[in-house]
Each structure stands twice: as C-alpha cells, then as structure tokens.
Amino acid sequence: MGNEKKWITNVEVRIGIGVTLCLFICYFFPQIQRLAACTAVVMCTQDVQAATRKSGLIRLLGVICGGVVGIVVVLLDGVFGNDYIFFILCGIGVVLNFLLCKLVKMPGVTTRVSVITFCLVVFLLEGNLRINYAVNRFIGTLVGALIAWGLTALWQAIAFRGSKNKGSAGQE
C-alpha cells in the first residue's frame, strides 16, 4: 500500500502553482518574458530547497552565457551587416558559448540549453530588439527561478511544520 506510485507529485503541483504565479506577474509586468519565467519554474523546481537553488543558479548562469555571447554576435552583426558574415559569427558564437559555459563550470546538458538561449537571442528578432530580448529573457528567468525557490521554501516549511505537529501529537 505504501509503495503505490503517486499520479501527481508535490513537485508537479508546485510547478503548476509556479507557472500560474508567473502568468499573473507577467500580466502586470508585461516586459517580463512569460515563457522564460515559466520555463525557469519548470526547470528549476526540485524536491528540496538546496537543489532548487542550485538549479536556478545554473539556469541563470546559462542564460547569462548565452545572452552575453548572443549580444556580442548581434553587435558584430550591426557592424558588418552581411548575411554570410553573420552565419560565420553564429557558428563562432556557438563555440564561444560552449567555451564560456565550460569556463564557469556549468554541468553537461545545461551548456546546450545555454546555446538555445544564444540562438533565441540572435535569431528571434531583428536589430537591437535582440539585445532587449536577451535582457528581458534574463529578467524572466530570474523571476521564474525566484518563484521556484520561494515555493520550494514555503512547501518545505509547511511540510516540516506538519511533520513536527504530527510528531508532537503522537507524544502527548
């Protein structure tokens, strides 16, 4: 009976609550990218606070690496203004993104996720709007990571208080 698998876990409930919170926050602050915020909640929410914090910091670091290298490529694209040079800059940017991620000791697959941020920055919009996108993506990711962290902390505090009360009730 105790080995039954749960259909929905506490983490999945927190992710649902976190996405809902992100949507409300982004509704009132439309400059925050809701996709970045919601993705951060999904990717960062873990079972325990320490793991959520670590996941959030790694996610932020990946967005910074991809965003910074993306902004450099965008600025160089503004200087050269040539599609063929832009293609070469993008290839070099991907390699530099991997290098930067390794220099800051990002773990495995998260370096590839950082390259997705790079690609979104350089391909999604045109001109200087790409720089705004990079900044707003970071802000959205930060909001999502903070929501994941806050929900995990709150959930653990409630669970701890509940288990503490059960323990003391049994001792009376």
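Helix 3 and helix 4 are roughly antiparallel to each other, where angles under 35 degrees count as roughly parallel, over 145 as roughly antiparallel, 65 to 115 as roughly perpendicular and the rest as oblique. Their axes come within 9 Å and cross at roughly 155°. Axes here are lines fitted to C-alpha atoms, for helices over the stretch in contact, and angles run from 0 to 180 degrees between N-to-C directions. Helix 3 passes helix 4 in a right-handed crossing; a crossing is right-handed if the near helix is turned clockwise from the far one by less than a right angle, and left-handed if anticlockwise.

On the helix 3 side, the contact uses Cys65, Gly66, Val69, Val73, Leu76, Asp77 and Phe80. Helix 4 brings Ile85, Phe86, Leu89, Cys90, Gly93, Leu96, Asn97, Leu100 and Cys101. Contact means heavy atoms within 4.5 Å. Sorted by class, the residues of this contact of helix 3 with helix 4 come out as 12 nonpolar, three polar and one charged. For that sorting, Ala, Val, Leu, Ile, Met, Phe, Trp, Tyr, Cys and Pro count as nonpolar, Asp, Glu, Lys and Arg as charged, and the others, Gly among them, as polar.

A word on where this comes from: the model is predicted, local features need pLDDT of at least 70, side-chain atom pairs count only at pLDDT 80 or more, and totals for chains, interfaces and linings use all residues. Residues are numbered from 1 along each chain as its sequence is written, and side-chain values use heavy atoms, with hydrogens and water left out.

**The overall picture**

Helices (H or I, at least four residues) and strands (E, at least two) are DSSP runs, numbered from the N terminus.

The C-alpha atoms fill a box of roughly 75 × 35 × 25 Å along the principal axes. Of the 172 residues, 34% are buried; buried means under 20% relative accessible area, exposed over 50%, and partly exposed in between (1.4 Å probe, protein chains only). If you take contacts between residues at least 6 apart in sequence, 70% of them join residues at least 24 apart.

**The other helix pairs**

Helix 1 (residues 10–28) packs on helix 2 at an angle of about 160°, with the axes 9 Å apart. That pair is therefore roughly antiparallel, and the crossing of helix 1 and helix 2 is right-handed. Ile15, Gly18, Val19, Cys22, Leu23 and Cys26 in helix 1 meet Arg34, Ala37, Cys38, Val41 and Val42 in helix 2. By class, this contact of helix 1 with helix 2 has nine nonpolar, one polar and one charged residues.

Next along, the axes of helix 2 (residues 34–44) and helix 3 (residues 49–80) come within 9 Å and cross at roughly 135°. That makes helix 2 oblique to helix 3. Helix 2 passes helix 3 in a right-handed crossing. Thr39, Ala40, Met43 and Cys44 of helix 2 touch Thr52, Ser55, Gly56 and Arg59 of helix 3. The contact of helix 2 with helix 3 divides into three nonpolar, four polar and one charged residues.

Ile131 lies in helix 6 (residues 129–171). Neighbours within four places in sequence aside, Ile131 is in contact with Ile71, Val74 and Leu75. Leu142 also sits in helix 6, and at 31% relative accessibility Leu142 counts as partly exposed.

Lys105 is in the loop between helix 4 (83–103) and helix 5 (108–123). Lys105 has a positive phi of about 60° although it is not a glycine, and at 71% relative accessibility Lys105 counts as exposed. Gly127 lies in the loop between helix 5 and helix 6 and is partly exposed, with a relative accessible area of 33%.

Here are some C-alpha separations for those residues.

| Residue pair | Apart along the chain | C-alpha separation |
|---|---|---|
| Ile131 and Trp149 | 18 residues | 27 Å |
| Leu142 and Arg59 | 83 residues | 8.9 Å |
| Gly127 and Leu100 | 27 residues | 24 Å |
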